[in-house]
Amino acid sequence: MKICFIPIDNRPVCYTLAQDITAIDDAIELLIPPRKFLGDLTKIADISKLFDWLRQQPQCDAIILSLDTLAYGGLIPSRRCHNTFEEIKLRIGELKEILSDKKAKIYAFSSIMRISNNNYNEEEKEYWSEYGKKIFEYSFNIHQFGNADSKEIPSEIIDDYLKTRKRNFDINKIYIDWQKEGFFETLIFSKDDCAEYGLNVKEAEEIEALGGFTKTGADEIPLTLLARAIKKDIKIFVDYIEPDCKNLVSNYEDVSIDKSVSGQLELGGFTRVDSKETADVILLVNNFREKQGELVMGWKTQPFNKNVVIPDKPFAVADVRYANGADNDFVEKLIPKINKFFLGYAGWNTSANTLGSLLAGVKVAYQAKKYNLSAFKKLQMVRFLDDWAYQANIRGQIKEPSDIKPLIKPYYDKLATVFGYESDYSGVKITYPWKRKFETEIVL
């Protein structure tokens, strides 16, 4: 199977994770553009080179793409770039012509522009550092009450913000028209960092009224679409560590953890069943009580204090008791019990991020046509080292990006023993691709 894949940007979880997942089955050929063509925190993607690259690709079974990458230069540029609606419309018109010539099934997603509730402008326009919270409050109130006071926000700033929102929303409506023409096999509109109310939530409602399909999440959606493109009938039983708490809502999301699980399973092309006996795979979810924790933010939750019971059939583990990192108590009990039925682990960022990336790996690994055990071991090593060793432990110990290779080694040694991973630690490389602590890249 040939899959053409255009990521959101060049982060490891968007770029190399897709490669590591598909490498588990040698029967899958992933065609992905050179990483240097894609954007990062401050650089937009080279759209003209991506268009040329896409033209040059051979016939594929599926094309999976971030429309934001090819319309604006990436997810972050979709909030920052100053291109007009007419300029973006012309650009995506060219994209449509290229894709039409490919005659492949197209799985795509476009974001509904998020609105963060802080004055942190690393991924927003410059004025967010002073007016971010005020714009969030304006957005929240105008949706909830139908009006809002914007006197504390300079008129030129609120006008620019609303103009950018309208441009992106109008572009999304064009994609809906394409969908109605039958252009897409699957089209998703992502809701990133949602609150109960806001202009982004209002837009999502309007998109659904127009016939569009919205989904909470963002970075994991290309991976979930990857799972959807791989046609396998896999029946999943969801086994919660805290079954009485499955209707609680995760941080940064607007739906319950159970709805998030169901949404990822449906979009990924899985069948959810009510019985362990009839299931092909057990999805073990380490969910939270009361409220999802987040170690790096100092947000606590009820600790894990049970035994980990491993199924006697294929299983995968979604660790969502904490956002942005693993649950240390849970992982310490899980690792010694990993066995031949283990299909994967994830504890990355939001609950949707964790679930989408995990299920993509399950889709590839379960009954792979040409199973690559070495690639599977490598993927699991990287996920545990990133989600557990770094995010849940080392990230909180450092003040800025630094050499953490000595701190990672004890975790590496423990995991290498569990997975039978034979490699010299001296060859491991650990970097900070966006020069910030939020993400690291671990290369084995």
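Is the crossing of α7 and α8 left-handed or right-handed? The crossing of α7 and α8 is right-handed, where right-handed means that the near helix is turned clockwise from the far one by less than a right angle, and left-handed anticlockwise.

Before going on: this is a predicted model, local features need pLDDT of at least 70, side-chain atom pairs count only at pLDDT 80 or more, and totals for chains, interfaces and linings use all residues. Residues are numbered from 1 along each chain as its sequence is written, and side-chain values use heavy atoms, with hydrogens and water left out.

Helices here are DSSP runs of H or I with at least four residues, strands are runs of E with at least two, and both are numbered from the N terminus. Helix α7 covers residues 155-180 and helix α8 residues 199-209; they pack at about 20 degrees with axes 11 Å apart. Axes are lines fitted to C-alpha atoms over the stretch in contact, with angles from 0 to 180 degrees between N-to-C directions. α7 and α8 are therefore roughly parallel, the word for angles under 35 degrees.

Now the sheet. Five strands form an open, parallel sheet in the order β8-β7-β9-β10-β11, where a pair needs at least two DSSP bridges. Strands β7 (235-240) and β9 (281-286) are joined by five bridges, and Val-238 has Leu-283 as its bridge partner in β9.

Last, Ile-92, in helix α5 (residues 85-102). Ile-92 is buried (under 20% relative accessible area), at 1%. Leaving out residues up to four places away in sequence, Ile-92 touches Ala-71, Ile-171, Ile-174, Tyr-175 and Trp-178, contact being heavy atoms within 4.5 Å.

Definitions and conventions:
Angles under 35 degrees count as roughly parallel, over 145 as roughly antiparallel, 65 to 115 as roughly perpendicular and the rest as oblique. Buried means under 20% relative accessible area, exposed over 50%, partly exposed in between (1.4 Å probe, protein chains only).
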